[in-house]
Amino acid sequence: MAGIVIVGAQWGDEGKGKVVDLLAERFDIVARYQGGSNAGHTVVHGDETFKFRLLPSGILEEGKLCILGNGVVIDPEVLCDELEDLEARGRSAAGLRISGNSHLVMPWHRIIDAQSELVLGALKIGTTKRGIGPAYADRASRIGIRVQDLLDPEILRQKVAAALSVKNDQLTRIYGVEPLNGELIAADLERRAARLRPLIADTSKLIEDALRDGRHVLFEGAQGTLLDLDNGTYPFVTSSNPTAGGACTGTGIGPTMIDGVIGLAKAYVTRVGEGPFPSAAAPADAATLLEVGAEFGTVTGRERRCGWFDLVGMRYARRLNGLTELILTKLDVLSAFETIPVCVAYRLPDGTTSQDFPWHQSDFHRAEPVWEELEGWSDDITGARSFEELPRAAREYVHWVEERLEIPVTLVGVGPRRDQILAPHGLDRVGTSR
Ligand code: IMP
């Protein structure tokens, strides 16, 4: 098994948290490689429900080494709150390690994120307003503040002051909001630093050592493939690389350390935020998917836009990530429909039909779905405990996905609990395809 990446194959919210929680027991390390508190994963563990934004989902496995890699942007306030909450519920975060090279999301990043969305008006991205884009922008501009700066109060103060000498100008002159007080921010950070300092480590080395020792590492991506900064539906994307390559740059290991890439997809599709959505369902069906699938954002509470499985987007996800297998979640939601439309190609503005994801945004914005209709099953499948127990049409839906994408579907979700995840090829097959 060794180094396996798990990546959202659509626009995020594919249910990664639950699956990582399930798979974590089979790995020695779970390492998150990008994103920040824009991510939201809900994990149902026994009778308890946990909602994480920053902590890797594997944290619920007692004693598991969980890493926030250098590619993650860390809001210290959110992280400290999550740690406190976890401990208040009798869980330990002792296994958490944070890369010293990760960048911090600072209060000005959150304000700039919200203000720039206001300025964009109708052209807005629909961000989560957690400061993610501005934090990554400062990283690229080489003026960011890093987790390792928390180790030295003097350096921390200097960096906050230096950043604010520019940011306060931006806040007051461009956005017309109040300037921030550097002393207060530094003092607040200093308090949180005391909590975080023991967790800061050379996480790249921890991972390499583990892999060289023959131990297993699960690289956990946040968001999803089509939100990838470079190859997603730009500009309606996040500011990092959720795609599998991000696991290398975002944790500090080389591509030869990766043995397989598991994609996660819902049996249908959702999208939050702005941007085109070719396989959007008709309003009545979208409303049913929204209601039955409880499709509301974990972080923002926003309604997700709902649509049908998009084979064009999924083939693109296979290409961008080099997917070796797929996990299909929320199959039970489709029980609400007599027949199930699936988008198999896009009709482009020039009248041609394409199975390839359009590389030009104007084509993508105007792409029309070409539908196929698959047989539905109507039975409630949430009680199924093996793949064989599923109705024939539900099994055929899964086989159809496997055949069209030419990769095995190794797990199928039929409900939110751990025992509602079925393994069509047996649990031992998960993470072994190359
Ligand atoms: P940002 O990541 O907050 O900058 O938001 C950029 C885009 O990514 C927006 O469309 C968000 O709705 C979307 N986004 C960010 N995080 C998630 C996520 O965890 N799930 C789904 N969409 C997300």
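On a 1 Å grid over the protein atoms alone, a pocket is an open set of points with protein on both sides within 12 Å along at least five of seven lines, whereas a cavity is a set where a 1.4 Å probe fits but cannot get out; lining residues have an atom within 4 Å of a point. The legends below describe a predicted model, in which local features need pLDDT of at least 70 and side-chain atom pairs count only at pLDDT 80 or more, while totals for chains, interfaces and linings use all residues. Residues are numbered from 1 along each chain as its sequence is written, and side-chain values use heavy atoms, with hydrogens and water left out.

**View 1. The second largest pocket and its lining.** Here you can look into about 220 Å³ of space, a volume being the space filled by probe spheres set on grid points that are joined across faces, edges and corners. Of the 17 lining residues, G232, T233, Y234, P358 and W359 lie nearest the centre. Helix 10 (311-321) and helix 11 (361-365) each supply at least two lining residues, and helix 11 gives the most, with 3; helices are DSSP runs of H or I with at least four residues, strands are runs of E with at least two, and both are numbered from the N terminus.

View 2. Polar contacts are pairs of N or O atoms within 3.5 Å. Oxygen atoms of the ligand lie 3.3 Å from a polar backbone atom of G126 and 3.4 Å from one of V272. A ligand nitrogen is 3.2 Å from a polar side-chain atom of Q223.

**View 3. An aromatic pair, Y316 and F357.** The whole structure has 10 aromatic pairs, counting rings of Phe, Tyr and Trp (its six-membered ring) whose centres lie within 6.5 Å. For Y316 and F357 the ring centres are 4.3 Å apart and the planes meet at 5°, so this pair is stacked; planes under 30 degrees apart count as stacked, over 60 as edge-to-face and the rest as tilted. The two residues join distant parts of the chain, 41 residues apart: Y316 sits in helix 10, and F357 in the loop between strand 16 (353-354) and helix 11.

Notes
A polar contact is a pair of N or O atoms within 3.5 Å; within protein, one must be able to donate a hydrogen and the other to accept it, and residues adjacent in sequence count only if both atoms are side-chain atoms.
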